[in-house]
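Good morning, and thank you for coming.

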Amino acid sequence: MATTNDLKNGMTLNLDGQLWNVVEFQHVKPGKGGAFVRTKLKNVLSGKVVDKTFNAGVKVDVASVDKREMQYLYREGNDFVFMDLTDYDQPRIPAEVVGDAANYLLEEQTVTVAFNEGTPLYVDLPAAVELTIAQTDPGLQGDRSTGGTKPATLETGAQVQVPLFISTGEKVKVDTRTGAYLGRA
């Protein structure tokens, strides 16, 4: 148990039998009345984001989340197979748990997987990954870096908007949180 004064971004709470990640929090001390904490919480399983306000000092249940470094091995049907880098265990994680991270996963890539009581909760990728452009339309004479964008397919199958001068086979950096092109790798 912890109090609302101990909240931090990334902390996982157990509220009403569901697990919620703290996305944002703000301590508010109004001129009149008691202090409170305004939070933005994201449901670990459904991804739903809600705003919740707690009175200052209220006890909240902090969930025990075990984060492990794992290497992505391969996909088998609807499951992704990872290997724990400490004990070489190979758990199968359902596609629903992996979610949008599947768009940026390459074989042999190391990621962090969060578990609660042996159940996988989510896959945490680095903020940016380097991927190769598998297919995009060729650039034309006169294309500039400050010009428009065009769709490109990454080696993982994900779609990303890239500048007109990027061609097939180039390595690019992609933000895993937004799916935005960041630059050449």
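Strands β2 and β3 form a hairpin, with two residues between them. In that turn, Asp-16 has a positive phi of about 55°. Please keep in mind that this is a predicted model. Strand β2 covers residues 12-15, and four bridges join it to β3 in an antiparallel arrangement. To find one of these pairings on the screen, look for Leu-13, whose bridge partner in β3 is Trp-20.

Strand β3 also pairs with β4, which spans residues 36-43. Eight bridges join β3 and β4, and these strands too run antiparallel. Here Gln-26 stands opposite Arg-38 in β4.

Let us stay with β3 for a moment. Asn-21 is found in this strand, which runs over residues 18-28. Is Asn-21 buried or exposed? Its relative accessibility is 15%, and buried means under 20%, so Asn-21 counts as buried. The side chain of Asn-21 makes a polar contact of 2.7 Å with the side chain of Thr-12. Beyond its neighbours within four places in sequence, Asn-21 is in contact with several residues, including Gly-10, Lys-40, Val-44 and Tyr-122.

Lys-150 lies in strand β13. With a relative accessibility of 6%, Lys-150 counts as buried. Where does the side chain of Lys-150 reach? It reaches the backbone oxygen of Ile-166, at 2.8 Å.

I turn now to the nonpolar interior. In soluble globular proteins, nonpolar side chains tend to be buried together. In this model, the largest nonpolar core has 27 residues. Those that touch the most other members are Phe-82, Val-98, Leu-105, Val-113 and Leu-154. Several elements each supply at least two residues of this core, among them the helix α1 (95-98) and the strands β7 (66-76), β10 (110-116) and β12 (128-136). There is also a second, separate core of nine residues, which includes Leu-15, Val-37, Phe-54 and Val-60.

Leaving aside its neighbours within four places in sequence, Leu-105 is in contact with Tyr-72, Phe-80, Phe-82, Val-98, Val-111, Leu-125 and Thr-156.

For another setting, consider Pro-126, in the loop between β11 (119-124) and β12. At 36% relative accessibility, Pro-126 counts as partly exposed. Apart from neighbours within four places in sequence, Pro-126 is in contact with Gln-109 and Thr-176. Pro-126 and Thr-110 are 16 residues apart in sequence, and their C-alpha atoms lie 9.1 Å apart in space.

Finally, let us step back to the whole protein. How many helices and strands are there? The protein has one helix and 16 strands. Its radius of gyration is 21 Å, well over the 16 Å that the globule rule gives for 185 residues, so the protein is more spread out than a compact globule. Along the principal axes, its C-alpha atoms fill a box of roughly 65 × 45 × 25 Å.

Of the 185 residues, 38% are buried. The accessible surface comes to about 10,800 Å², and carbon and sulfur atoms account for 47% of it. Among contacts with a separation of 6 or more, 41% join residues 24 or more positions apart.

Key: Residues numbered from 1 in each chain as written. Predicted model: local features only at pLDDT ≥ 70, side-chain atom pairs only at ≥ 80, totals over all residues. Heavy atoms only, no water. Core = buried A, V, L, I, M, F, W, Y, C linked by side-chain atoms within 4.5 Å. Buried < 20%, exposed > 50% of the residue type's maximum accessible area, 1.4 Å probe, protein only. Contact = heavy atoms within 4.5 Å. Polar contact = N/O pair within 3.5 Å; in protein donor to acceptor, adjacent residues only side chain to side chain. Rg over C-alpha atoms; globule rule 2.2 N^0.38 Å. Areas by Shrake-Rupley, 256 points an atom, 1.4 Å probe, with all protein chains shown as cover. Pairing = 2+ DSSP bridges.
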